[in-house]
Amino acid sequence: MPCGEDWLSHPLGIVQGFFAQNGVNPDWEKKVIEYFKEKLKENNAPKWVPSLNEVPLHYLKPNSFVKFRCMIQDMFDPEFYMGVYETVNQTTKARVLHFGKYRDVAECGPQQELDLSSPRSTTAERQTFYCVPVPGESSWVKEAYVNANQARVSPSTSYTPSRHKRSYEDDEDMDLQPNKQKDQHAGAQQAGGLGGLHWCGEPKRLETEASSGQQLSSLNLSSPFDLNFPLPGEKGPACLVKVYEDWDCFKVNDVLELYGVLSVDPVLSILNNEEREASALLDPMECTDMAEEQRVHSPPASLVPRIHVILAQKLQHINPLLPTCLNKEESRTFVSSFMSELSPVRAELLGFLTHALLGDSLAAEYLILHLISTVYTRRDVLPLGKFTVNLSGCPQNSTFTEHLYRIIQHLVPASFRLQMTIENMNQLKFIPHKDYTANRLVSGLLQLPNNTSLVIDETLLEQGQLDTSGVHNVTALSNLITWQKVDYDFSYHQMEFPCSINVLVTSEGRSLLPADCQIHLQPQLIPPNMEEYMNSLLSTVLPSVLNKFRIYLTLLRFLDYNISDDITKAVEDDFVEMRKNDPQSITADDLHQLLVVARFLSLSAGQTTLSRERWLRAKQLESSRKNRLQQHKCVNGNEL
């Protein structure tokens with residue numbers, strides 16, 4: 001373990017040391033960031049930092065150094081806090097300067113009082129993000145991060161065990177903000193506050209305990225707090241993340257890795273409860289709206305902890321089997337080593353997916369191209385690099401699509417299966433929308449980070465009537481596929497959020513949704529027991545081989561690609577010749593499709609430039625795909 005554990009267990013002590021040395025000179029803030037940056041460069045140091053993704057909150061010490069892998073679900077308004085404040089000893093009149101950065105509560109010692117009028121006090125600004133665990137993160141990703149983490153933690157003694165030794169799932173069902181907290185903590189009086197930093201009269205941490213029999217007041221929560229996860233069934237903590245530097249670099253839906261100070265001070269719940277009661281006295285007409293906004297922006301710290309960020313980085317990917325940043329010099333050895341053995345990995349993956357697709361090797365080829373596709377640039381409004389595949393011909397009334405999704409889950413870091421039933425289309429919320437009462441962005445199914453695999457199962461669609469909401473949801477899916485964007489609903493206007501989501505549509509006939517490529521499944525075998533067949537397929541793959549598949553599919557997304565002038569000329573000449581031979585059916589769209597297939601075919605072989613061989617192979621694949629569609633011109637009355 002890195003020598004000296006104080007930076008892990010008492011990071012604010014480290015910050016205090018730099019502040020004491022430099023006083024109000026702002027250089028101390030830069031020195032703090034540099035200190036922790038250097039600490040994390042030490043051998044395996046990041047693995048010793050407890051993660052909120054893997055460690056239950058009650059195992060984490062308050063004000064300790066933690067990390068969090070998350071997606072920005074919402075951004076709140078900037079808030080002001082006391083960057084530097086001064087306290088006065090009521091007996092000796094001695095004055096002491098304190099820093100307010102990385103803190104929610106300004107704690108005053110015995111006999112100390114905050115001097116709000118001190119000329120040495122300064123006000124600073126910070127941004128608050130509402131962050132959730134990465135939506136759709138695969139179980140193998142979570143397990144790999146858990147196995148890699150070497151942090152030594154034990155249940156925290158700073159909380160009442162009966163309240164805090166429960167999982168996040170249990171916390172979602174518990175009543176929040178009990179009135180009894182106020183009575184138990186009469187000594188914790190709020191003597192003042194400024195923006196996001198409160199202070200109390202006692203330095204010790206206060207215990208809180210709920211009274212199960214007590215009813216919530218009208219200004220407190222009347223229902224369980226909604227953690228606002230985009231996908232149903234998600235688990236894990238949501239966090240209020242306080243960012244002090246370079247917050248303009250981040251945007252909604254970015255995936256981040258954060259390092260900072262954990263704040264779960266129970267006194268926050270008391271202070272926020274008093275603010276809600278105070279708002280009711282000011283204007284009863286506005287108290288409901290204000291209470292709703294306050295409960296969303298200041299939830300109990302035991303349920304939604306705060307992280308005061310010291311270091312933050314935007315993640316290229318969340319695959320734990322690869323270096324975090326593939327552009328760095330130290331990652332090049334890993335990349336070059338893996339690229340040298342790419343050919344056998346591709347061959348094994350093709351065989352694995354061929355078995356998963358019931359012996360259809362052509363469909364397996366296209367599935368590989370789909371899984372490594374990504375939007376690499378935009379030309380005006382056109383996203384280049386998207387490759388949505390419609391896998392038609394899937395057996396109806398079968399568990400094939402469900403098990404195919406399980407296979408994909410084992411290969412990609414993040415995914416979600418949307419069961420396209422009439423009920424789901426009419427009832428589920430796809431589009432995030434702005435709730436102006438609570439002043440927050442309410443998430444929807446399509447609020448997903450880039451490179452998420454979205455599998456839409458259309459085989460479950462039966463006859464029925466789509467209502468207005470269902471029609472809007474189908475339109476949203478179509479826009480996502482065609483333009484790789486989601487239009488968030490801000491009531492008075494819509495705001496475009498560009499994305500790069502890999503969409504695979506499984507259907508019996510041709511999909512109702514648009515697709516860049518339709519491949520009709522041609523099974524070579526129909527297993528009598530689909531579940532047994534797929535389980536057997538997964539169990540026969542060695543974990544080391546499965547990990548190579550996972551590295552392969554993630555790594556190839558980030559390779560550069562270009563076409564030389566010679567090949568460009570050869571492709572143009574070839575296209576002219578194709579037009580001469582078949583002027584009726586060969587269009588500019590066919591050329592674009594061929595170039596996209598050739599691009600991902602080249603990358604799938606580890607080639608970053610188009611060769612004549614790959615171009616001919618792309619033409620061959622497209623010809624086989626189109627011929628197959630002609631052979632299955634009509635299935636169950638649906639035109640392909």
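Me: In which loop is the place of tyrosine 102?
Reply: This is a predicted model, in which local features need pLDDT of at least 70, side-chain atom pairs count only at pLDDT 80 or more, and totals for chains, interfaces and linings use all residues. Residues are numbered from 1 along each chain as its sequence is written, and side-chain values use heavy atoms, leaving out hydrogens and water. Strands are DSSP runs of E with at least two residues, and helices are runs of H or I with at least four, numbered from the N terminus. Tyrosine 102 lies in the loop between β3 (95-99) and β4 (105-107).

Me: Is tyrosine 102 buried or exposed?
Reply: Buried means under 20% relative accessible area, exposed over 50%, and partly exposed in between, with a 1.4 Å probe and protein chains only. Because its relative accessibility is 1%, tyrosine 102 counts as buried.

Me: What is the phi of glutamine 111?
Reply: Most residues other than glycine have a negative phi. Glutamine 111, in the loop between β4 and β5 (112-114), is not a glycine, yet its phi is positive, at about 65 degrees.

Me: With which side chain does the side chain of serine 415 make a polar contact?
Reply: Serine 415 is found in strand β15 (residues 415-419) and is buried, with a relative accessible area of 4%. A polar contact is a pair of N or O atoms within 3.5 Å; within protein, one must be able to donate a hydrogen and the other to accept it, and residues adjacent in sequence count only if both atoms are side-chain atoms. At 3.0 Å, the partner of the serine 415 side chain is the side chain of tyrosine 405.

Me: Which residues have the most contacts inside the largest nonpolar core?
Reply: A nonpolar core is a set of buried Ala, Val, Leu, Ile, Met, Phe, Trp, Tyr and Cys residues joined through side-chain atoms within 4.5 Å. The largest one has 70 residues, and those with the most contacts inside it are Phe352, Leu411 and Tyr552.

Me: Which helix gives the most to this core?
Reply: Nonpolar side chains tend to be buried together in soluble globular proteins. The helix that gives the most to this core, with 8 residues, is α12 (residues 361-371).
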